Amino acid sequence: MLGPPAQAAAPTYNISTLAGKVASLNGTAGLQIRFSAYVEQEANTEVSTAPGDPITPNIVLSSPLDGTSVAAPAVTVNQDTAAAPQNETAIAVDPNNPNRVVGSANDYVARTWACSVSGTPCSALGDGYSGTYFSNDGGTTWCCSASDPSHLGTLIPGVTHLAGGPYDAAGDPALAFDSRGTVYYAGLGFNRASAPNTVTVSKGTFDSGSRLSWGAPTLINATTSPAVFNDKEWIAADANAASPFRDRVYVSWTRFVFSPTTGAYVQSPIFFASSSDGGRTFTAPKSISGNVLYDQGSRPVVGPDGSLYVFFEGATRLATADSTYVVKSTDGGANWGKPLAISTLVDSEVLRDTAFRDNSFPAAAAAPNGDLYATWTTMMGGASTAVYSKSTNGGTTWSAPARVFSAATRTAVGYPAGTLSAPSPGGPVEDIFPAVDVSSNGHVYLGSYRGNTVSPWQLCKASPPPPVGRITCDVLGDYIHNTRLDYVVTDLTTSQTRTVSTHPINTRYGFGGGFFGDYTDLSAGSDGTFHALWTDTNNKQNVEWFYGAQFVPTPINQQDVVTARGNF
């Protein structure tokens, strides 16, 4: 990174808006830390509030290489039918019931409902919301669609205007089960054009009919100050029955701080709060990152003895590079040690021949024997590479980062004569958004997108401005190389690797190709089965609404959240 944020002759920023905060952070010289891609997407997209006549697209960009549905054994988790985008995935398995699985995603809920919010049709509300889904048969089938008459479906209630709450948008989902089968959802609530924002935690319970419902959210660090913005939270619960902190709920997040006079970015430490009463109340937020002040992407993890670890990406004031850090508490989050740098890293750049924003935020997990695993991406040989590190002594020392997957070369497909010559060689397979969990039998599962395939893609030369131009094109442009992703899971215990997605994923669909989420997730049940959850674009449906613009029903490939399970 890094060094101190540049202040000399800095411009001023209107940090009362989300777009102003994003501009301030992105305009800070030498800084690698960024807001979550979801927040940047929300900040930089205008949402129509007065839709006109339905739009008939001129040209819809597509490829004969794309799928038209997600094939078994993978399963589409969200159940909408009108091409509403879902992305950014979290998943958790009940430790007492391996058939009970809960997933979550940013859910744009673009349905045609006969309702309005402040005079705007529900179907024209383009912001992202907090979507959740559940399965009682080990991920074979999922409930529900967010299209019921009460306009909630499985949306988290009480956060967004659409769900009876005070905020424009919500998202950045994270999930955790406690030892008694209660599930917790953490997310964000924020406005795009004004300052209020918060971290949210909601408690979910299953009734006698095995249906999931969510209680009112608890708002953590809710603020109306334009100088503070909470981002990229994650949640953990102590599900260890013998732990002295059994069922305590832990939340960590990034607190972005700006100058109230100039709007300049100041710092972004990791903050933390805990609950000992089932999420009803939380301790006062505290900074836990010490002198590592330029941070993002935290993950709390609980060891089998109740020790608490928070992993994050960050840098000190005089650092020349970012590092993956861990900080530890042995008393349930009351006190914390000093942050320990596991390894330096080079932030992942945009993957070769893609356009979506990415990051090097860590994921982490604790094994039943107390071993710890952390995974993240770093640049190796000019390519984004998933690596992992292991600690066998409670996080005191860590192994040198090792590749999650063996190095490989992309396969070129679909290059007809006269369009574009296939790259030779195909270029390295790159990784992004790794996830990790350890099953009760000790199997260590790591999952990640891998850019295995490269193919031609025809750009749009001229189109209407967004959001309409993200669906329709007026004039086609040149062909370019286009990397397609697979979701791949490896088991460190058996050294076996499996592609669990069913068709290469084209990230050019949705949001102009620039937003595909910030992470994927993977959770292992007590039966030793892993459940991976990722964003996929192989389902084709008729789009009706996108970011407040109404379309004549038009078939497009959409962003869905898709799961697969397995073991080695």
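Reply: Let's go through some aromatic rings and then one asparagine in this predicted model.

Me: How many aromatic pairs are there?

Reply: You look for ring centres within 6.5 Å of each other. Here that gives 33 aromatic pairs. One of them is Y108 with Y547, at 5.9 Å centre to centre and with 40° between the planes, so the pair is tilted, falling between the 30 and 60 degree limits.

Me: Which parts of the chain does that pair tie together?

Reply: Y108 sits in the loop between β3 and β4, and Y547 in the loop between β33 and β34, so the pair links parts that are 439 residues apart in sequence. Both Y108 and Y547 are buried.

Me: What kind of pair do F511 and F515 form?

Reply: Check the angle: over 60 degrees counts as edge-to-face. The planes of F511 and F515 are at 75° and their centres 5.5 Å apart, so this pair is edge-to-face. F511 is buried at 2% relative accessible area, and F515 is buried at 0%.

Me: Which residue lies over the face of F568?

Reply: Here you look for a charge above a ring. R498 lies over F568, 4.4 Å from the ring centre. Likewise, R299 lies over the face of Y519, at 5.9 Å.

Me: And the asparagine: is N230 buried or exposed?

Reply: Under 20% relative accessible area counts as buried. N230 has 1%, so N230 is buried. You'll find N230 in strand β12.

Me: What does the side chain of N230 make a polar contact with?

Reply: With the side chain of N221, at 2.7 Å. N230 also touches other residues, including V199 and W253. V199 is 31 residues away along the chain, yet the C-alpha atoms of N230 and V199 are separated by 6.6 Å.

Methods: Residues are numbered from 1 along each chain as its sequence is written. This is a predicted model: local features need pLDDT of at least 70, side-chain atom pairs count only at pLDDT 80 or more; totals for chains, interfaces and linings use all residues. Side-chain values use heavy atoms; hydrogens and water are left out. Rings of Phe, Tyr and Trp (its six-membered ring) pair if their centres lie within 6.5 Å; planes under 30 degrees apart count as stacked, over 60 as edge-to-face and the rest as tilted. Helices (H or I, at least four residues) and strands (E, at least two) are DSSP runs, numbered from the N terminus. Buried means under 20% relative accessible area, exposed over 50%, partly exposed in between (1.4 Å probe, protein chains only). A charge sits over a ring if NZ of Lys or CZ of Arg is within 6 Å of the ring centre and within 35 degrees of the ring normal. Contact means heavy atoms within 4.5 Å. A polar contact is a pair of N or O atoms within 3.5 Å; within protein, one must be able to donate a hydrogen and the other to accept it, and residues adjacent in sequence count only if both atoms are side-chain atoms. Lists of a residue's contacts leave out its neighbours within four places in sequence.
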